[in-house]
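Q: Before going through a model feature by feature, I would like to know how to read each one. Could we take them in turn?

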Amino acid sequence: MSKEINNTGVAGLPSPGWKHRSDGFSLELEPETIIDLKLVEGRNYLLMKWKDVEEPSYVKASVANKKCPSLVIDFYQSRLTWSNL
């Protein structure tokens, strides 16, 4: 069963071939993974892939932090870069 997110997206976010739509949490979708992070007008937005939905959508990072904290932590940890000073 594939669900469709049919609301308009977040203004100012670039479109790399996807239609960026409103967040899937409002449609009670289950997050699958976080693909990318964008900073728009001083706010972080996470590009999230939803289970049973083909197209990802941007979600405010503050919302994702509350709804799926372990997924957000895993995303940030996978992008940490360590250097020896």
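A: Start with the surface. The protein in this predicted model exposes about 6000 Å², and carbon and sulfur atoms supply 49% of it.

Q: How many of the residues count as buried?
A: Of the 85 residues, 32% count as buried.

Q: What pattern does the protein follow along the sequence?
A: The protein has two helices and three strands. Read along the sequence, they come in the order β-β-β-α-α. As for contacts, take those between residues at least 6 apart in sequence: 43% of them join residues at least 24 apart.

Q: What is the mean pLDDT of the protein, and where does pLDDT stay under 50?
A: The general idea is that where pLDDT is low, the predicted coordinates should not be read in detail. Here the mean pLDDT is 81, and 74% of the residues reach 70 or more. Over residues 1–8 pLDDT stays under 50, and the model has 22 contacts beyond four places in sequence for them. Residues 16–20 also stay under 50, with twelve such contacts in the model.

Q: Which residues of the largest nonpolar core touch the most other members?
A: In soluble globular proteins, nonpolar side chains tend to be buried together. In this structure the largest nonpolar core has 13 residues, and Leu46, Met48, Trp50 and Ala64 touch the most other members. At least two residues of this core come from each of β2 (43–50), α1 (61–67) and α2 (69–78). β2 gives the most, with three residues.

Q: Is Leu46 buried or exposed, and what does Leu46 touch?
A: Leu46 sits in strand β2. Its relative accessible area is 0%, so Leu46 is buried. Leaving aside residues up to four places away in sequence, Leu46 touches Ile34, Asp36, Leu37, Ser57, Tyr58, Val59, Ala61, Ala64, Val72, Phe75 and Tyr76.

Q: Which residues does Met48 touch?
A: With residues up to four places away in sequence not counted, the residues touched by Met48 include Phe25, Pro31, Thr33, Ile34 and Pro56. Ser57, Val59, Ala64, Cys68 and Leu71 are also among them.

Q: Ser57 is a polar residue name in that list. Where does Ser57 lie, and is Ser57 buried or exposed?
A: Ser57 lies in strand β3, which covers residues 57–60. With a relative accessible area of 0%, Ser57 is buried. The side chain of Ser57 makes a polar contact, at 2.8 Å, with the side chain of Trp50.

Q: How many aromatic pairs are there, and why is the pair of Phe25 and Trp50 given its class?
A: The way to read a ring pair is to take the distance between centres and the angle between planes; planes over 60 degrees apart count as edge-to-face. The count comes to two aromatic pairs. In the pair of Phe25 and Trp50, the ring centres are 4.9 Å apart and the planes are at 90 degrees, so the pair is edge-to-face. Phe25 lies in the segment before β1 (31–40) and Trp50 in strand β2, so this pair ties together parts that are 25 residues apart in sequence. Both Phe25 and Trp50 are buried.

Q: What about the rings of Phe75 and Tyr76?
A: Their centres are 5.6 Å apart and their planes are at 65 degrees, so the pair of Phe75 and Tyr76 is edge-to-face. Phe75 counts as buried because its relative accessibility is 5%. Tyr76, at 33% relative accessibility, counts as partly exposed.

Q: How should I read phi, and what is the phi of Glu41 and of Asp52?
A: Most residues other than glycine have a negative phi. Phi of Glu41 is near 50 degrees, a positive value in a residue other than glycine. Glu41 is found in the loop between β1 and β2, and its relative accessible area of 79% makes Glu41 exposed. Phi of Asp52 is near 65 degrees, also positive in a residue other than glycine. Asp52 lies in the loop between β2 and β3. At 53% relative accessibility, Asp52 counts as exposed.

How values were computed. Residues are numbered from 1 along each chain as its sequence is written. This is a predicted model: local features need pLDDT of at least 70, side-chain atom pairs count only at pLDDT 80 or more; totals for chains, interfaces and linings use all residues. Side-chain values use heavy atoms; hydrogens and water are left out. A nonpolar core is a set of buried Ala, Val, Leu, Ile, Met, Phe, Trp, Tyr and Cys residues joined through side-chain atoms within 4.5 Å. Buried means under 20% relative accessible area, exposed over 50%, partly exposed in between (1.4 Å probe, protein chains only). Helices (H or I, at least four residues) and strands (E, at least two) are DSSP runs, numbered from the N terminus. Contact means heavy atoms within 4.5 Å. A polar contact is a pair of N or O atoms within 3.5 Å; within protein, one must be able to donate a hydrogen and the other to accept it, and residues adjacent in sequence count only if both atoms are side-chain atoms. Accessible areas come from the Shrake-Rupley method with a 1.4 Å probe; for residues, only the protein chains shown count as cover. Rings of Phe, Tyr and Trp (its six-membered ring) pair if their centres lie within 6.5 Å; planes under 30 degrees apart count as stacked, over 60 as edge-to-face and the rest as tilted. pLDDT is the predictor's confidence in each residue, from 0 to 100.
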